Amino acid sequence: MSTFTQPLIRYGYAPLMLLGINGFGIALAASGANKLWLLVLLITAIALSFAAERILPYHEAWNTSSGDTGRDTAHTFVNETLILVGVAAIPALAAFVPGDGIWPGSWPFAAQVLIAILVADLGITLTHYASHKIGVLWRFHAVHHSVTRFYGFNGLMKHPLHQMIETTAGVTPLLLVGMPVPVAAALSLAVAVQLLMQHSNADYRVGPFKYILALNEGHRFHHLKWAGIGDVNFGLFTLIWDHLLRTYSYDPARRFSSADLGMAAKPDYPVRYLAQLAEPFTPKGACDFKAIDVPVTRGLPSDRVRLR
């Protein structure tokens, strides 16, 4: 591998995705361009994600499918379609909102998108946090935690009902204050890009921003398979709320493998798409909490944890 290519991916990939792809998407949405161009941009982001993971992987084995690629593709297609349908439904939903809203439509478009990101981040983060504490929500969120390899495409590996719950929590406050459709379109792209980045197997770096931005270095700790140990770093876009909730965790010396991921209490969680959709409705889909001892490293909250 070129001595130039790897440093380019390590330090240039995150700015390209977070600023380049999102910036281009904001420009397209602001100009009123056909929303299909945002879909093209998303496909470009997915291609860049896969390329970066293969050029500079964090864990080489995570680039090899374990029979989960088709399932993850199905999850991504269904959940991204739900997001696009939600964006298309905003004009109809706006008819139920009293008044004209208080959205700062005179502000620069990029600032409007930033506001939408921060508000959505709060709603989604709190819903995510609740999904680790409330049994009925965990039933549906458990689908996402069944992964045993960490790569970009499993960011949208979610039960569609849980995806709808999170989206509703993040977007409803924005709808109530009159968020316009172009801002919502740019936000939907930003969410998809963030999920690719957050679960990426690319070994990229963002320096001190890793303490603020909810990217893969910190999010791997969230996927540790022991409840309590893995109940950290809930943020979608930022880790601000985790610092406030005291759920932030990071250890620069920690390395991860598939043995650390998944759910300790449910090692045989269904792997097929339709079986995963059905699992929350079965008796086996419930939480089963019991204390166990596991070895931990500094930065993690407890050595007395629960099986999920």
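Modeller: What follows goes from the overall fold to the core, then to the cavities, and ends with the aromatic and charged contacts.

The model is a predicted one. Its protein chain has eleven helices and two strands. Read from the N terminus, the order of elements is α-α-α-α-α-α-α-α-α-α-α-β-β. Of the 308 residues in the chain, 50% are buried.

The C-alpha atom of V191 lies 9.8 Å from that of L156, although 35 residues separate the two along the chain. For contrast, S31, found in helix α1, is exposed, with a relative accessible area of 55%. The C-alpha atoms of S31 and F109 are 9.9 Å apart in space, while the two residues are 78 apart in sequence.

Rolling a probe the size of a water molecule over the atoms shows where empty space is left. In this model, a search of the whole structure finds four cavities of 30 Å³ or more.

The largest cavity contains about 90 Å³ of space. Its lining consists of 13 residues, with H128, K158, L195, Q198 and L236 lying nearest its centre. Helices α5 (109–131), α6 and α8 (181–198) each supply at least two residues of that lining. By class, the lining of the largest cavity divides into seven polar, four nonpolar and two charged residues.

The second largest cavity has a volume of about 80 Å³. Its lining comprises L42, I46, T76, E80, G152, F153, G155, L156, A192, L195 and L196. Helix α8 gives the most, with three residues. The lining of the second largest cavity divides into seven nonpolar, three polar and one charged. L195 belongs to this lining, and L195 is also among the residues nearest the centre of the largest cavity. L156, named above for its C-alpha distance to V191, is another residue that lines the second largest cavity.

The structure holds ten aromatic pairs. One of them joins W62 and F150 in a tilted arrangement, 6.2 Å from centre to centre and with 50° between the planes. W62 lies in the loop between α2 (36–55) and α3 (69–88), and F150 in the loop between α6 (135–145) and α7 (160–176), so the pair ties together parts that are 88 residues apart in sequence. W62 is buried, with a relative accessible area of 1%. F150 likewise counts as buried, at 1% relative accessibility.

A second pair, F221 with Y250, is edge-to-face, at 5.6 Å centre to centre and 65° between the planes. F221 belongs to helix α9 (residues 216–222) and Y250 to the loop between α10 (240–245) and α11 (273–278); the pair therefore ties together parts that are 29 residues apart in sequence. F221 is buried, with a relative accessible area of 1%. Y250 also counts as buried, at 17% relative accessibility. Both rings belong to one aromatic cluster, formed by Y211, F221, Y250 and F256.

Finally, two arginine side chains sit over aromatic rings. The charged end of R149 is placed over the ring of Y151, 3.8 Å from its centre. The charged end of R220 is placed over the ring of Y58, 3.6 Å from its centre.

Definitions and conventions
Residues numbered from 1 in each chain as written. Predicted model: local features only at pLDDT ≥ 70, side-chain atom pairs only at ≥ 80, totals over all residues. Heavy atoms only, no water. Phe/Tyr/Trp six-rings, centres within 6.5 Å; stacked < 30°, edge-to-face > 60°. Helix = DSSP H or I, 4+ residues; strand = E, 2+ residues; numbered from the N terminus. Buried < 20%, exposed > 50% of the residue type's maximum accessible area, 1.4 Å probe, protein only. Lys NZ or Arg CZ within 6 Å of the ring centre and 35° of its normal. 1 Å grid on protein atoms, 1.4 Å probe; cavity = no way out; pocket = protein on both sides within 12 Å on 5 of 7 lines; lining within 4 Å. Points joined across faces, edges and corners; volume = space filled by probe spheres on them. Nonpolar A, V, L, I, M, F, W, Y, C, P; charged D, E, K, R; others polar.
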